[in-house]
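Dear colleague,

Please find the structure below.

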Amino acid sequence: MLIYPALGMSGTFVRHVPIGLLYAAIGLVQKKYDVEIFDCRLYPQNWREILQSKLSEIAKNILAVGVSVMSGTPIKSAIEIGRMVKSIDPEIINIWGGPHATFFPESILENNWYCDIVVSKNAVSSFQQLATALLENSCYSNIPGIFYKHMTSKEIRSTPADCSTFEFYDYREIPYHLISDYSLYGQLDQKDKIIFPMYSALGCPYRCSFCSSPAEYNQIVGPKWVPLPVKEVVDHIAYVVRKYRANYIYFIDNDSFVDLKHVEAIMDEIERQGIRVKLGFRGARINEIKKMTHEFIEKLSRCGTDILHIGAESGSDRILDLIKKNCTVDDIIECNRKLAQHTKIIAAYNFIMGVPTETYEDLVATKDLMLKLIRENPQCLIFTPNKFRPLPGTELFSLVVNTWGYKSPQTLEEWVQVEAEGDYSDLWYTQKMKRYCDLLLIGSYFIDKKIFKVTSGGSLFYRLLRLIARIYYPIIFLRMYFSIDCFFIEHKMYKLIKELMPRFTSIKGNT
Ligand code: B12
Ligand code: SF4
């Protein structure tokens, strides 16, 4: 049984198809093993009871439970799942995979009795070999990318993963049939959207100093960014449109626009095949948008693109330089003006805050940039800024270790706190900066009036949110404009709401 855990605040608004689990299942389905997927996010209020009874019912037939784990809040529910599984039947093997397992496998096994094996990195083939070894009761210690505790010594042992190539599977191998109802997935209250996440390219050639990708692709032999064959991408789109009535494709590439000709060829093929579908891209950089012509953007728009997630990151040239974004603040402004002319495409900006050496003035510059982007492109979105987290293997990690003696979280419980919206503050945050980060966080929810742009307000939940946004907008605008972060009771209220929110779901208006 493969399980997707409950997520934190971001999971309240976005619930995309758990393709990490579908990919992990590829090798198992090839071998004709029985695989079932359980997605805790579908039952926000009572996933524990439902899972408990399901597991109890079929415990004797379960060889292993596999959980997909991202860093942060998902770890909390993954721990609960592990404990539940072991309390039902200690013989069931509990395996963790996913991004946290890939980046920090040891943190999962140390001092934890509820997880037996971790599968890191290119997981499809390793997971298949592991399942076979477990079924045949044979040794799994030589399978690449596996971490486990030695039976007697309890020492953590591992076999290096083979990371010299990207893991690529033909779309026909993805076992989409393991999910019975795709209409349960989506985002916000966008009821009519059937969203399918998909790759158009793998890897990333850039070296942003805060990001885990450069370390992740370090061992790849050859190019660090590989575009998938155009025909394969578009046939994949046509397949999910035809078979699962998908009407929205989210390209989850780290970066889709390294080679503009590749994207253009995909658009041409979509037009040639006459596929009617909306498209979203989550990986776009300013230096790439700078190269886009109006004709190129028009083609994106004509073929259905309605959103580009763009890494703007900071309003300070010094910080942009430090994090290696290959762009200046003026470039960001110029690109925003260019995109503003294409009204069907929303420019959605990501920001990062709390970067080491960032000053209060840098944060104010970021706020000024946010306001300018909205002023000059009223339809743009400002995503909630990510709080900088030092990830081992990144360039900035060495800086914070050497300068501030930073130690990364050691236990899983500590990793739970490492959330983009978390309340943790690192050694280089002054109280003044921390307060300002809180202002930017709360401000980002309201300042672009996103609730009116991306939701229909059809359900009670979203009608209420819209009302709150309408009343609060003038207050947060003044706070941001004049940088007033004192008596910030809104942040305290936000923290309270954040605790309660994940118990409910507001996806597609179901609360
Ligand atoms: C879509 C997405 C989301 C979605 C959630 C996904 C969903 N199903 O709804 C949303 C929007 C909610 C989200 C939120 C966040 N995300 Co996100 N997200 C992604 C994204 C773009 C795609 C994930 C995906 O589907 N990948 C495709 C699948 C095939 O890959 P995969 O999940 O890694 O699965 C493979 C292996 O990990 C493994 N595997 C997966 N599960 C399992 C289970 C078992 C048992 C086994 C054996 C193997 C296995 O098998 C697969 C094939 O090898 C990735 C970037 C990327 N391109 O991967 C970031 C990424 C996963 N996110 C990231 C981050 C930082 C975040 C946020 C903190 C961002 C934020 N500002 O809030 C939040 C955190 C959420 C939380 N803590 O609750 C980081 C990971 C950080 C980490 N250490 O966990 C990534 C890698 C982006 C990056 N480079 O920084 N995210
Ligand atoms: S932030 Fe984006 S562009 Fe930069 S290295 Fe990471 S994945 Fe690549």
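Which residues lie around ligand 2? They are Cys 204, Tyr 206, Cys 208, Cys 211, Ser 213, Pro 214, Asn 254, Asp 255, Arg 285 and Gly 311, where a residue is near a molecule if its C-beta atom, placed from the backbone, lies within 6 Å of it. This shell divides into 5 nonpolar, 3 polar and 2 charged residues; Ala, Val, Leu, Ile, Met, Phe, Trp, Tyr, Cys and Pro count as nonpolar, Asp, Glu, Lys and Arg as charged, and the others, Gly among them, as polar.

This is a predicted model, in which local features need pLDDT of at least 70 and side-chain atom pairs count only at pLDDT 80 or more, while totals for chains, interfaces and linings use all residues. Residues are numbered from 1 along each chain as its sequence is written, and chains are lettered from A and ligands numbered from 1 in the order in which they are written.

Around ligand 1 there are 45 residues, of which Gly 20, Gly 66, Ser 68, Gly 72 and Gly 97 come nearest. By class, they comprise 22 nonpolar, 19 polar and 4 charged residues. Helix α2 provides the largest share of this shell, 5 residues (helices are DSSP runs of H or I with at least four residues, and strands are E runs of at least two, numbered from the N terminus). Domain 1 (2-158) and domain 2 (182-509) each contribute at least three residues to the shell around ligand 1; the domain bounds come from an automatic or database domain assignment.
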